[in-house]
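Dear colleague,

Please find the structure below, together with its sequence. A summary of the findings follows it.

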Amino acid sequence: MNRRVKRVLAWSGIAAGVLILAACGYLYYLYNSAKHTAAKIYEAPAKPVYVSKDPDVQKRVDTEAKTPDRLKPFTVLALGVDQRPHDTGRSDTIILMAVNPAKKSILMFNIPRDTRTDIVGHGTVDKINHAYAFGGVNMSIQTIERFLDYPVDYYIKVNMEGFARLIDLIGGVEVDNPFAFNYEQHTFAKGHLTLNGDEALLYSRMRYDDPRGDLGRNARQRDILEEVMKHAMNLTNVTKIDSMLSEVGDSVKTNITFDEMKQFLTDYRPAIGSIDTVEIQGKGQTIGGIWYYIVSDAERSRIHNLLKNQMQ
């Protein structure tokens, strides 16, 4: 091998080394950037640990606390909050997800915001979404745990305007709209639609022109969240993940740590194959001049048992 070829190979090796170091440095930067944003959105609630009245549920919770198995089932409460200036706002979207990697599935359902129930820590019976206005995330979680008689492991609180930006970042969402409607000067045709962030927010907010009222709106919210989750499960680009975290940094609070996020991304994501939805049944009733959604004890037991079976 002549001297010139040796020099070319040497410079090629150096160039390759520099590129590798640069790539490693960039990945390290992205990792630390994502870690910084995850720390910014982290917010652990000071709520007491919920103890279920169902001995089977509590036995599972106690057993898993002592089990080193990494892929444990868990519940996530998603609160969509419309915050206004000088107002705490209300949790107008309340969605619970039960994730079980052993079953390769997620069970997802809305709790209608007008559901009448005990507000834990406030001493009143009111609409369930008022718990957030009275006591923020802590009171919301405690109220929902008692309503379902099931512990909430994680929560994600999202300002809905930030959710719209997140949808734009993933390139929009696709939905099948069951009927045409107009909402806030925007027309949504019947059939398959591709929505940007602002459109998805409007699509999920319409309520009074839906023949199913709040239940119809809940179904549209679940469709959009399911689309976002599918996009998130398909993310492999670390740059996109960092951009998403940075974009929602001012709009999201959660008790999920950065290490748990990494674990969900690497270990849980490949284990989830389907998202199943269920609807809480009830009826409307006016009490004291206020309209409520009334959920019977039998229906609450049905939802509790669906949760319990999903998490086994």
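At what angle do the axes of helix 3 and helix 9 cross? This is a predicted model, in which local features need pLDDT of at least 70 and side-chain atom pairs count only at pLDDT 80 or more, while totals for chains, interfaces and linings use all residues. Residues are numbered from 1 along each chain as its sequence is written, and side-chain values use heavy atoms, without hydrogens and water.

The axes (lines fitted to C-alpha atoms over the stretch in contact, with angles from 0 to 180 degrees between N-to-C directions) of helix 3 (residues 130-148) and helix 9 (residues 297-311) cross at roughly 100° and come within 8 Å. Helix 3 is therefore roughly perpendicular to helix 9 (65 to 115 degrees). Helices are DSSP runs of H or I with at least four residues, and strands are E runs of at least two, numbered from the N terminus. In contact (heavy atoms within 4.5 Å) are Arg146, Phe147 and Leu148 of helix 3 with Arg300, Ile303, His304 and Leu307 of helix 9. These residues comprise four nonpolar, one polar and two charged (Ala, Val, Leu, Ile, Met, Phe, Trp, Tyr, Cys and Pro are nonpolar; Asp, Glu, Lys and Arg charged; the others, Gly among them, polar).

Strand 4 (residues 116-119) runs antiparallel to strand 5 (residues 124-127), joined by four bridges (pairing requires at least two DSSP bridges). Asp118 lies opposite Val125 of strand 5. Four residues separate the strands of this hairpin, where Gly121 has a positive phi near 90°.

Yours sincerely

Definitions and conventions
Parallel < 35°, antiparallel > 145°, perpendicular 65-115°, else oblique.
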